Amino acid sequence: MPVRFGEFTLDTESRQLLRNEAERHLSPKAFELLHLLLENRPRALSKAELHERLWPSTFVSDATLSSLVAEVRTALGEKAHRGRFVRTVHRFGYAFKGTATDLTPRTSALDHRPRCCIIWEWGQVRLEEGEHLLGRAADVAVWLESPSVSRHHARIRVRGSEVTIEDLGSKNGTYLRGERLTKPSRVRDGDQIDLGSIPVKVRLLDMSGSTETRHSGERGRRGR
């Protein structure tokens, strides 16, 4: 969902930061950092929480986080002590400041119906239009209890009839059709996704309301 702040727009669907109509470059991790700050505004996020969300199950130094913040500030054209949007919380972490507006697209009632189903050994979850996290943290849509799964392991995006999955820097990787993901990839009906050691199956739900036609031969066999 696009978020507008000042002359900037952060679009999580196209993964772009725009200043008016011009794109501002951000690395994938810097994009995630800005997205986290906007998503949690005005709450300040601690360095520990940012480390966990950005690099789950991986140790990185505070200097790495500071470099990421500096990259975001450069893209926004601001400096550490005179920034309009990124606030440093001394000895704690960072927060988004200023006014931001969610640019929610107009949707019909159909958009709120489940569009895909994630099935695994212990259950299943139906997902509506939007973004959904998979992992073993308490705030995810698909909770997978396994030490091989990172807290925020992967993200599924449901947009109309298109479903994509993206690894979030997990320690043990996300695999689609046996291939480790290095970028967001489209999911097909019946695909298996492996998150760490946990396999899940994706079923795309038919939103047309049509009924599968039964062949006459099959009907005859069932009537015997």
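## Terms and basis of the model

A residue is called buried when its relative accessible area is under 20%, exposed when that area is over 50%, and partly exposed in between, with a 1.4 Å probe and protein chains only. Helices (H or I, at least four residues) and strands (E, at least two) are DSSP runs, numbered from the N terminus.

This is a predicted model, in which local features need pLDDT of at least 70 and side-chain atom pairs count only at pLDDT 80 or more, while totals for chains, interfaces and linings use all residues. Residues are numbered from 1 along each chain as its sequence is written, and side-chain values use heavy atoms, with hydrogens and water left out.

## Confidence

The predictor's confidence in each residue is given as pLDDT, from 0 to 100. The chain has an average pLDDT of 85, and 88% of its residues score at least 70.

Residues 106–110 form one of them, with three contacts (heavy atoms within 4.5 Å) beyond four places in sequence. Residues 209–224 form another, with two contacts beyond four places in sequence. Where pLDDT is low, the predicted coordinates should not be read in detail.

## Overall organisation

The chain contains four helices and 19 strands. Of its 224 residues, 42% count as buried. Among contacts between residues at least 6 apart in sequence, 44% join residues at least 24 apart.

## Nonpolar cores

A nonpolar core is here a set of buried Ala, Val, Leu, Ile, Met, Phe, Trp, Tyr and Cys residues joined through side-chain atoms within 4.5 Å. The largest such core has 29 residues, of which Phe 5, Leu 17, Leu 34 and Leu 76 touch the most other members. At least two residues of this core come from each of β1 (3–5), β2 (8–11), α1 (28–39), α2 (47–54), α3 (62–75) and β7 (93–96). The greatest contribution to this core is that of α1, with seven residues.

Leaving aside residues up to four places away in sequence, Leu 34 touches Phe 5, Leu 10, Leu 17, Leu 26, Val 72 and Leu 76. A second, separate core has 21 residues, including Leu 134, Leu 144, Val 163 and Leu 176.

Helix α1 has 12 residues and reaches 16 Å from its first C-alpha to its last, close to the 16 Å expected at 1.5 Å a residue; the expected span is 1.5 Å times one less than the number of residues. This helix is mostly covered, nine of its 12 residues being buried. They are Ala 30, Phe 31, Glu 32, Leu 33, Leu 34, His 35, Leu 36, Leu 37 and Leu 38. In α2, the buried residues are Leu 50, His 51, Arg 53 and Leu 54. The buried residues of α2 pack against α1, β5 (45–46), α3 and β7.

For α3, the 14 residues should span 20 Å at 1.5 Å a residue, and this agrees with the 20 Å between its end C-alpha atoms. Leu 65, Leu 68, Val 69, Val 72, Arg 73 and Ala 75 are buried in α3. They lie on the same side of α3 because they cover an arc of only 165° around the axis, the arc being that of the directions from the helix axis to the C-beta atoms. After α3 comes Gly 77, whose phi is positive, near 70°.

## Leu 176 and its surroundings

Leu 176 belongs to strand β15 (residues 174–176) and is buried, at 4% relative accessibility. Its contacts, not counting residues up to four places away in sequence, are with Ile 165, Leu 181, Ser 185, Arg 186, Asp 191, Gln 192 and Ile 193. Between the C-alpha atoms of Leu 176 and Asp 194, which are 18 residues apart along the chain, the separation is 6.6 Å.

## Cysteines and Asp 206

With a disulfide taken as a pair of cysteine sulfur atoms within 2.5 Å, the count comes to zero disulfides. Cys 116 is in no disulfide, the nearest cysteine sulfur being that of Cys 117, 7.5 Å away. Cys 116 is buried, with a relative accessible area of 0%, and Cys 117 also counts as buried, at 5%.

Asp 206 lies in the loop between β19 (198–204) and α4 and counts as exposed, at 52% relative accessibility. Asp 206 and Arg 115 are 91 residues apart in sequence, and their C-alpha atoms are 7.4 Å apart in space.
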